[in-house]
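Good morning, and thank you for coming.

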Amino acid sequence: MKATSPKDRRRLIFSVCLLLCVLTLSLFTQKTSAAPAPDGWQWITCDVGQGDAHLVRTGEHQASLIDTGDSYSDLDACLEWAQVERLDAVFITHQHNDHYGALDELAERYPIGHLFTSAHFDPAHAPPDIDLTQLASSDEYTPELSLGTDVQVRVLWPPDDLSRIPGEQGSNALVNNTSLVLHINVGGEQPLTVLTTGDLEEAAAGRLLASPKNLEASVLKVAHHGSRGSGTELISATSSALALISAGRGNDYGHPHQDITNYLEQHGVSVARTDQSGSIALELRNHEIAVTRERK
Ligand SMILES: [Zn+2]
């Protein structure tokens, strides 16, 4: 039997090391590029560029969606990250493309249990053959919905009567102010409360705040992508520990506005932004909100 020379041994050791390095590297890259959202997530704000889309966990591989954004491929990537296979309900806050533009394509590819929209969303813009309920709220009556086994939704805005909504007829401001405002309690071992506000502007927020409704929530989805016109009153009324801002990277609107981010910082509210972090998953653990960012 031929003895291996020291040179051959060095070559063999080098080859084995190289193979191990390649294997380790490929496993590592697979893991980092394909790592899904953490198993216990209760809420996910999807990175859909300049738009809004949020997932509320309602069961195993099951969620409700609030707005769709206008890019189906971005939304689909988020549904995959969240490992969602069924949508028991979709909510559309208002009739602007960055909030419902991907709805038709979504309905073609995912079974949707029920569609809920603002009372001022035209049902002609909804996909055909889908059960639709328009939602409105008043001082006297706050609709409440249950989703899955553990999620409760209170509908806080808009009023049914368009004349009670601020904004000139035909203006973008009026459409923004028809946004659904939802107070969501995501149950489980430790319930997470979220106030989500569509693109509500300051004038409508003022009217909502004048109503007797309780807006306190541990998480606030900041209105209108953090635009200056969304104001700061809602932020102070919710007393939230965490603010979510959905905005496109390098968007032309200057969202979020510095007045809003400064206000949040000055009031000790933590901020998570899709333009900086990609999609954002939340889970209440040991009475603290655990935030997982898709991009670190
Ligand atoms: Zn918007």
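Let me start with a term: donors are N, O and S atoms within 2.8 Å of the metal (3.2 Å for Na, K and Ca), and sites may look incomplete, as water is not among the atoms. Here, along the chain, the donors of the zinc ion follow the spacing D-H-x99-D-x25-H. This is a predicted model, in which local features need pLDDT of at least 70 and side-chain atom pairs count only at pLDDT 80 or more, while totals for chains, interfaces and linings use all residues. Residues are numbered from 1 along each chain as its sequence is written, and side-chain values use heavy atoms, with hydrogens and water left out.

Which residues coordinate the zinc ion? They are Asp98 (OD), His99 (NE2), Asp199 (OD) and His225 (NE2), at 2.1 Å. Asp98 and His99 are both buried, a word that stands for under 20% relative accessible area, with exposed over 50% and partly exposed in between (1.4 Å probe, protein chains only).

I turn now to the cysteines. A disulfide, defined as a pair of cysteine sulfur atoms within 2.5 Å, joins Cys46 to Cys78, with 2.0 Å from S to S. Cys46 lies in the loop between β1 (43-45) and β2, and Cys78 in helix α2 (residues 72-82), so the pair ties together parts that are 32 residues apart in sequence. Helices (H or I, at least four residues) and strands (E, at least two) are DSSP runs, numbered from the N terminus. The link of Cys46 and Cys78 is left-handed, with -70 degrees about the S-S bond. Both Cys46 and Cys78 are buried.
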